[in-house]
Each structure stands twice: as structure tokens, then as C-alpha cells.
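Subject: Handover of the structure

Dear colleague,

I am passing the structure on to you here, followed by an account of what was found in it. Please read the account with the model open beside it.

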Amino acid sequence: MTNERTDQELIAALQRQEVQALEELYDRFGGLAYSLAFKVLGDGSLAEDVVQEVFFNLWRQAQSFDGSRGSVRAWLLASSRHRSIDFLRRRQAKAERDVELSASEFRLNTDDLWSQVANHLDHGLLRQALAQLPESQRQALELAYFGGLTQAEIADATDVPLGTVKGRLRLALEKMKDLLESQGIRTAG
Amino acid sequence: MECAQVAELTAAYALAALPEGERREVEAHVAACPECRARLAQEQALVAVLPLAVEQRAPPARLKTRLLQAARADLATRERQPDTPAHARRRGGPRSFFATPLPYAAAAVLLLFAVGGLAAWGAQLRSLNRQADAELARLRSSTRILAAQGTEAAPGASGQVLQLGEQQRALLLVRGLPTLPPDKTYQVWLLKDGKPVGAGLFQVEAGREAAAVVTGDLSRYDLLAVTVEPAGGLPLPSGAIVLKAGL
């Protein structure tokens with residue numbers, strides 16, 4: 001396959017109910033979605049359920065997918081994370097909170113930074129950047145992103161004041177930005 | 001809300017760690033404040049790349065099979081629904097042939113032939129598929145897949161490294177690398193702390209994906225690289241790196 005279809009072309013094909021397009025999107029992003037779900041859930045079979053559900057929802061709702069609001073990759077990954085966190089909370093018998101995808105969450109264009117990091121020669125780059133964060137900041141970031149905790153829950157779980165958690169989340173992203181920029185990655189929009 | 005307050009919250013917003021109330025307040029503020037909006041956009045872009053920091057795992061083959069089966073079943077159900085005209089749903093699709101009006105007798109004969117033929121063929125395929133699925137599942141459960149990317153010397157190239165369980169070798173699948181003249185070869189290297197060890201040679205046929213067996217225990221190295229070298233390969237690389245994969 002030398003002429004790969006773009007993500008937008010695949011969405012258009014999905015809107016024509018072409019199963020092959022779903023297969024191609026799965027081949028492209030299924031591994032990323034599964035890895036993310038696995039990271040959140042720590043369980044392969046639950047991660048499979050999440051990924052199946054997310055891709056099947058895309059198949060069912062392709063008609064209403066609006067590419068101008070964000071890429072299909074961003075949507076698939078955001079959905080995989082949300083559904084995983086939803087599963088996690090259900091399993092922990094906690095009250096479910098609203099996990100509806102806020103439309104604004106992937107409206108903004110994140111593709112430029114993504115392709116820079118994804119295409120960077122060294123794939124360990126981002127992991128290294130995270131590893132270089134101060135432990136307390138990395139922990140707050142991971143609890144929020146992979147654990148799906150709110151800042152108040154993080155404050156609770158780590159036994160620090162809410163204001164400290166806010167600061168840690170902000171500093172974690174700031175430090176991550178600096179570390180990526182020191183590797184020649186442009187993070188400004 | 002003032003900019004200073006919002007600045008404390010945009011990171012948590014980007015990480016979806018804000019309760020509903022504060023989330024709405026941030027949204028209302030950034031809608032009217034370009035400066036905070038720009039910072040939020042940057043933070044959202046940073047959050048969006050976090051999945052790349054996760055250790056990549058190959059999903060089991062059955063997941064794809066299940067998903068595609070569900071989509072096909074869904075398609076079949078939708079096509080049986082009488083509320084949409086058949087031609088509207090089927091236009092351009094592979095099933096458009098069946099939407100063509102045919103005399104009933106001819107259609108019945110065609111259908112019988114197709115069903116009979118397909119059933120036999122299908123049974124054969126299913127048995128083959130089951131074997132292949134089982135084999136794939138076995139392989140995937142012990143296989144690690146790593147992405148390889150073309151460098152500036154070959155920006156269109158990409159590939160995958162398949163590490164087969166605990167074996168002392170891996171498979172490198174490459175596409176988008178140009179065919180070399182006969183006096184040149186692609187050579188695979190495994191590097192630890194910048195020191196390369198030769199790990200195999202391969203050629204690329206025009207327009208084809210190439211596969212190369214990589215010999216060596218990948219867990220002992222931190223980088224896989226491909227260079228262009230004289231035919232037969234060299235003990236140390238001399239050419240530019242055209243493809244890389246972090247291990």
C-alpha cells in the first residue's frame with residue numbers, strides 16, 4: 001500500500017459505511033488507543049473492551065464526526081482515555097462523574113506538536129522528559145491524566161493542599177514544555 | 001474570573017481535572033481572553049502528546065477481528081432496515097451489484113451459485129483463519145512492536161520492529177526506502193551508548209515493503225538504526241542513518 005489514505009479520507013469513507021476504512025483507522029491508531037487504555041486500566045481485557053467500544057462508536061457515529069473540530073486521532077485517544085477512566089471508576093465502585101467529552105477539549109489544533117514528537121528521531125524523548133520532572137509534579141500529572149482524578153482528589157490522595165496540586169499540575173506542563181523545547185521541539189501554537 | 005486565577009487552572013482544565021463549575025468558568029474566560037486561550041492551547045497540545053509517553057503494547061489480534069465483525073453485523077442490520085431506500089445506502093459500495101435489477105430467475109440462479117460457492121470457500125477460509133488467528137495471538141502475546149521512523153535522509157520511510165518473545169532476533173519491516181544500486185546494501189545496527197553492532201543486511205525492491213531479520217538481543221541495546229553501506233556490509237557504519245527506532 002503505497003498510497004495511504006489520509007485520516008480525513010478515511011473518515012469520509014467511514015461515512016459511506018466502508019468497513020475497510022474502519023480497519024485502516026484501527027491499524028493506524030488501535031495500538032496507541034490500546035496502550036493508553038492499558039496504562040490507565042492496568043488490564044488487557046478491559047483495555048480491549050474500551051478500544052472496541054471507542055472504535056465501534058466512531059463507526060456508528062461517523063456521520064456526525066466534524067473534522068474541523070479536531071483530528072480523528074485526538075478524538076480516538078481522548079475517548080479511549082475517558083472510557084478507561086470511566087471503567088476504572090466503575091470498578092472502584094465510585095460515583096461516576098460526567099465523562100462526556102467536552103467538545104472544547106479537542107477543538108484546538110494539537111497536531112503540530114503531536115507530529116513533531118511522534119516523528120522525533122528518538123521515541124523515548126517524551127518518556128525521558130516526564131522522567132525528568134520532579135517526582136511530586138510527575139505524580140500529580142499522572143494521577144490527573146492516567147488516573148482520571150480531579151485536582152481535589154489528587155490533593156486528597158497525596159495529602160497536600162489543593163493550591164499545591166494546582167501549582168504542581170501547572171509546573172509539570174511548564175517543565176515538560178521546557179524539556180521538549182530544549183530538544184528542539186516547538187511547542188508554541 | 002481574573003487572568004491570574006485562570007492561569008492557575010488551565011493546566012488542570014487541559015488535564016480534565018477540574019470540577020464542572022470551574023471548567024465552565026475557565027471556558028467563559030478563555031472565550032474572551034486571547035492570552036489565556038493561547039496558554040490553554042499550548043497546554044492542551046502538551047497533554048495531547050502524553051499517550052506517546054506510554055509504553056506501546058500490541059493489542060491482541062482478536063480485538064480487531066471482533067471490531068470488524070461488529071461493524072459488518074451492524075452494516076447488515078442497517079441494510080435490512082426498510083426506512084432508507086436501498087440505492088441510497090448502497091451507492092458506490094461493493095454491494096451495488098446486487099442492487100442492479102435482474103430477472104428473478106437469473107437472480108435466483110446467481111444467488112444459489114454464489115451462496116453454494118461462498119459457503120465452501122468460506123468454510124475453508126474460516127479454518128485457515130482460525131489457525132492463523134491462533135498463531136497470531138500466540139505471537140502477539142509475546143511480541144513487542146516498536147515504531148521506526150525515517151530520518152532527514154529518508155523522510156518518507158517508516159517501519160516497525162517486531163521483537164519476537166525472548167528470542168535473540170527480531171523482524172524489521174520497512175516501507176518507503178528507495179531501491180539501492182547493486183553495489184550498495186541497507187545494513188541494520190544495534191546501538192548501546194552510541195556503539196553500533198552490525199545486526200543484518202537487507203535490500204528493498206521497488207515499491208515494496210522490505211523485511212529484515214535483526215539478530216541480537218534487543219533488550220541489551222537502546223537504538224536500532226539503518227544505514228546505506230557497500231554491498232556485503234561493513235563492520236562499522238559509514239553511511240548516514242536513514243531509519244531509526246528507539247528500543
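A salt bridge, as the term is used below, is a side-chain nitrogen of Lys or Arg within 4 Å of a carboxyl oxygen of Asp or Glu. Please keep in mind throughout that this is a predicted model.

With that definition, the side chains of A:R60 and B:D74 form a salt bridge, with 3.0 Å from N to O. This pair crosses between chains, since its two residues belong to helix α3 (residues 44-61) of chain A, which holds A:R60, and to helix α4 (residues 61-80) of chain B, which holds B:D74. The two partners can also be described by their accessibility: B:D74 counts as buried at 9% relative accessibility, whereas A:R60 is partly exposed, with a relative accessible area of 43%.

Over all chains, the structure holds 24 salt bridges, and two others deserve a description here. A:R28 is joined by a salt bridge to A:D7, with the closest N and O atoms 2.6 Å apart. The pair links distant parts of the chain, given that A:R28 sits in helix α2 (residues 19-41) of chain A and A:D7 in helix α1 of chain A, 21 residues apart. A:R28 itself is partly exposed, its relative accessible area being 26%. Both residues also belong to a network of salt bridges that links A:E4, A:D7, A:R28 and B:R175. In chain B, the salt bridge of B:E27 with B:R24 has its closest N and O atoms 3.2 Å apart; because these two residues are three residues apart in helix α2 (residues 20-32) of chain B, they are separated by about one helical turn. At 44% relative accessibility, B:R24 counts as partly exposed.

Turning to the fold of chain A, its secondary structure comes to nine helices and zero strands, and buried residues make up 51% of its 189 residues. In helix α1 (residues 7-15) of chain A, the buried residues are A:L10, A:I11, A:A13 and A:L14. Seen down the axis of α1(A), these buried residues fall within an arc of 160°, so they line one face of the helix.

Most residues other than glycine have a negative phi. Just after α1(A), however, A:Q17 takes a positive phi of about 65°, although it is not a glycine. A:Q17 lies in the loop between α1 and α2 of chain A and is buried, with a relative accessible area of 19%, where the cut-off for buried is under 20%. The other case is A:D159, a residue other than glycine whose phi is near 60°, again a positive value. A:D159 is placed in the loop between α8 (151-158) and α9 of chain A, and at 70% relative accessibility A:D159 counts as exposed.

Which residues line the second largest cavity? The lining consists of A:L125, A:Q128, A:A129, A:Q132, A:L179, A:L180, A:S182 and A:Q183, and the elements that give two or more residues to this lining are α6 (125-131) and α9 (162-182) of chain A. About 50 Å³ of space lies in this second largest cavity, and its lining residues divide into four nonpolar, four polar and no charged. One of the lining residues is A:A129, which has its place in helix α6 of chain A and counts as buried at 4% relative accessibility. In sequence, A:A129 and A:L180 are 51 residues apart, while in space they are 6.9 Å apart, C-alpha to C-alpha.

Strand β7 (residues 223-230) of chain B is joined to β8(B) by five bridges, and the two run antiparallel. Within this pairing, B:V226 stands opposite B:L243 in β8(B). Strand β8 (residues 241-246) of chain B is mostly covered, with five of its six residues buried.

With best regards

Terms used. Residues numbered from 1 in each chain as written. Chains lettered and ligands numbered in written order. Predicted model: local features only at pLDDT ≥ 70, side-chain atom pairs only at ≥ 80, totals over all residues. Heavy atoms only, no water. 1 Å grid on protein atoms, 1.4 Å probe; cavity = no way out; pocket = protein on both sides within 12 Å on 5 of 7 lines; lining within 4 Å. Points joined across faces, edges and corners; volume = space filled by probe spheres on them. Helix = DSSP H or I, 4+ residues; strand = E, 2+ residues; numbered from the N terminus. Nonpolar A, V, L, I, M, F, W, Y, C, P; charged D, E, K, R; others polar. Buried < 20%, exposed > 50% of the residue type's maximum accessible area, 1.4 Å probe, protein only. Pairing = 2+ DSSP bridges. Arc of directions from axis to C-beta.
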